[in-house]
Amino acid sequence: MKNYVKMFLAGIFLATAFPFTMVLLLNGRQGIHKEKQLDPVDYQVLQQMLTEDLSWMSDDTLKLLAVLYRTEAFCVGESSAIEQLSLSELYGEPYGRIYQAIESTSGMAVTIDGEYRELPFHKLSVGHTRDGKLLGDSYDYVLSVECREDKEASDYVQICTLSMEEILRALGMDYTKMADKDIAGKDDADSADRQAKQQKITLDDFEFQRDSEGYVESVSLGDQTWTGEALRSLLHFPSSCFWMKADGTTKTDKAGAVGNTDNRITITIKGVGHGFGISLYTADRRIREGTPWQDIFSCFYKNAQCITIP
């Protein structure tokens, strides 16, 4: 009798497990976890999000970011042709969380006064986001918002050092040629003055223009000018809110003469990103503390409404 019961239970188990086992053998993981086919816009959002390290975000913050990227695609009005990815190609926790965020917000976007508008966002402000009017009057819906939470982030302040030579090379300026010219651009062919000219290229020759939050709006050196964001990109800074300071140490040559320093510049950088619109770090903190993620948009954009497109 006992053997009969064991055989009966074994038969039920095999009958139940056999289809599952065959699917696994024939189709692999994708046969078990069948992906929903995303539309082209959502696959574009997926590709954008997969290029970033979003492991620090909560699931709801991922949803907020997915809606921001989808709104951006709707605002542009076109989507590029993207190969549709399968779960078996990108299997893992980061992919799964991002995929779920996109799938669960499918069709959702943000409008400003009923229209799709550009929604700038960044990772981390300097404690206050920037007024959109700095981008032009058409961005007056981008609000300046206090983000005290950002000052508690581990990467709120970053410090690095560069030489004046490294800075000038990054700006596309030949350091040795700069040494043969004064800042007004006059040629100085006397090689005896080269070292003196090199020593004259200091931070005092740069002119910085900043906004009320401390972000660099423009930098001038002689007859050349860069925007703060352009300079940030050339120097690979995380933010255009930075300060430069010469380290002030001196060195002595073999003859005992005190010369210039190695021209080492200490750069202090605050925040990550351009500082306009949603600070994703503050958004994540507020969401974790109980704020519905859909309510974050109206905190940073005037007259913003999160909608679902039928």
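**Helix H9 and its surroundings**

Guide: The buried residues of helix H9 pack against strand S3, helix H6 (164-170) and strands S5, S6 and S7. Contact here means heavy atoms within 4.5 Å, and buried means under 20% relative accessible area, with exposed over 50% and partly exposed in between (1.4 Å probe, protein chains only). Helices (H or I, at least four residues) and strands (E, at least two) are DSSP runs, numbered from the N terminus. This is a predicted model, in which local features need pLDDT of at least 70 and side-chain atom pairs count only at pLDDT 80 or more, while totals for chains, interfaces and linings use all residues. Residues are numbered from 1 along each chain as its sequence is written, and side-chain values use heavy atoms, leaving out hydrogens and water.

The buried residues of H9 are Gly228, Leu231, Arg232 and Leu235. Because they cover an arc of only 105° around the axis, they lie on the same side of H9; the arc is that of the directions from the helix axis to the C-beta atoms. An α-helix has 3.6 residues a turn, so residues three or four places apart point the same way. H9 (residues 228-235) lies across S5 and S6, and runs at about 90° to S6, where axes are lines fitted to C-alpha atoms, for helices over the stretch in contact, and angles run from 0 to 180 degrees between N-to-C directions. Just after H9 comes His236, which takes a positive phi of about 60°.

S5 and S6 belong to an open sheet of three strands, in the order S4-S5-S6, with antiparallel pairing; two strands pair if DSSP finds at least two bridges between them. Strand S4 (206-210) and strand S6 (224-227) stand at the edges with a single partner strand each, so one side of each has no neighbour in the sheet. From one strand to the next, the twist averages 15°. S4 and S5 (residues 216-221) run antiparallel and are joined by five bridges, and Glu207 has Ser220 in S5 as its bridge partner.

S3 and S7 belong to another open sheet of three strands, ordered S3-S10-S7 and paired in the antiparallel sense. Its edge strands are S3 (157-163) and S7 (242-246), each of which pairs on one side only. Neighbouring strands of this sheet are turned by 20° against each other on average, direction ignored. Five antiparallel bridges pair S7 with strand S10 (residues 264-270), and Met244 stands opposite Ile267 in S10.
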